[in-house]
Amino acid sequence: MGRTPAPVLEVDLGPGVRAGFTTRAGGVSLPPWDSLNLGLNVGDDPDRVLVNRDLVRRWAGTWVAWSTQVHGCDVRTLTARLGDGRTSVGRYDALVSTTAEAALGVLVADCVPVLLADPDARVVATVHAGRRGLVAGAVQAVVRAMAERGADPARVRAAVGPAISGPQYEVPADLRDEVAAVVPETACETAWGTPGLDLPRGVAAVLRRAGVVRIQETGWCTATDERFYSHRRAQRQGATTGRCAGVVALV
């Protein structure tokens, strides 16, 4: 099993910040998780997943905090790495770090991974923004938590990572309307003319309303771009899938 750093699609969140999104490539997991699966709860060999996470750690240059994501809006702030070699920080969908000792990881396979940084305040954050988390206010919660640590939303840079796009995310009409009642920008039609949800567009809109103006929207659709894991694509194929990650670190 190799130990070279994992390949990562990097994004620019300012000086002193390393940020990017992993793909499926460059790891040691076997099919159907091939190959850089970072999820421990999808049936993959845990030892291989831990090797993959170590490859990401090598890219980040420091210990990476991983949380159990529950589609909520709770935020945990890290000011130092955990002791005893632990990397799991509990049940959170948003993480904030103010130390170069603790990079942050957010796991996804269709939900929206968001990376944020205020390079001046030396504060970085991640958000797991699926449909439920977006409605619950996870994005606003993490911007507030960053501000509590000295970040200015007007200075914050954000990257909205690979996620299922609106044209591919079909939902019942009543569910679309329920989400759009909270975040109107999510309402859309799929490529085949049925009700859909555009979560990346909704995330970007919520960020702007929270005062964040420097937003990179990658536009990568996990359902159609096979570089990434996609839960919905796997379901259509009767298969299982792994998890990619967004990672951000102070350097």
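This is a predicted model: local features need pLDDT of at least 70, side-chain atom pairs count only at pLDDT 80 or more; totals for chains, interfaces and linings use all residues.

Visitor: OK, which residues lie nearest the centre of the largest pocket?
Guide: Gln69, His71, Cys111, His128 and Arg243, out of 27 lining residues. The space in that pocket is about 730 Å³, where volume is the space filled by probe spheres set on the points, joined across faces, edges and corners.

Visitor: And which elements give two or more residues to the lining?
Guide: β3 (64-68), β7 (103-108), α2 (131-136) and α6 (231-236). Helices (H or I, at least four residues) and strands (E, at least two) are DSSP runs, numbered from the N terminus.

Visitor: Switching to the sheet: what's the strand order?
Guide: β4-β6-β9-β8-β10-β13, an open sheet of six strands with mixed pairing; two strands pair if DSSP finds at least two bridges between them. β4 (75-78) and β13 (214-217) are the edge strands with a single partner each, so one side of each has no neighbour in the sheet.

Visitor: How do β8 and β10 run?
Guide: Antiparallel, joined by four bridges. Leu115 has Ala159 in β10 as its bridge partner.

Visitor: Which strands does α3 touch when it packs on the sheet?
Guide: β4, β6, β8 and β9, and the direction of α3 makes about 170 degrees with that of β9. Contact means heavy atoms within 4.5 Å; axes are lines fitted to C-alpha atoms, for helices over the stretch in contact, with angles from 0 to 180 degrees between N-to-C directions.

Visitor: What about α5?
Guide: α5 lies across β8, β9, β10 and β13, at about 25 degrees to β8.

Visitor: Which α3 residues are buried?
Guide: Ala138, Val139, Ala141, Val142, Val143, Ala145 and Met146. Buried means under 20% relative accessible area (1.4 Å probe, protein chains only). Their cover includes α2 and α5.

Visitor: Last one: how many residues does the largest nonpolar core have?
Guide: 37, with Leu116, Val203 and Leu207 making the most contacts inside the core. α3 gives the most, six residues.

Definitions and conventions. Residues are numbered from 1 along each chain as its sequence is written. Side-chain values use heavy atoms; hydrogens and water are left out. A nonpolar core is a set of buried Ala, Val, Leu, Ile, Met, Phe, Trp, Tyr and Cys residues joined through side-chain atoms within 4.5 Å. Buried means under 20% relative accessible area, exposed over 50%, partly exposed in between (1.4 Å probe, protein chains only). On a 1 Å grid over the protein atoms alone, a cavity is a set of points where a 1.4 Å probe fits but cannot get out, and a pocket is an open set with protein on both sides within 12 Å along at least five of seven lines; lining residues have an atom within 4 Å of a point.
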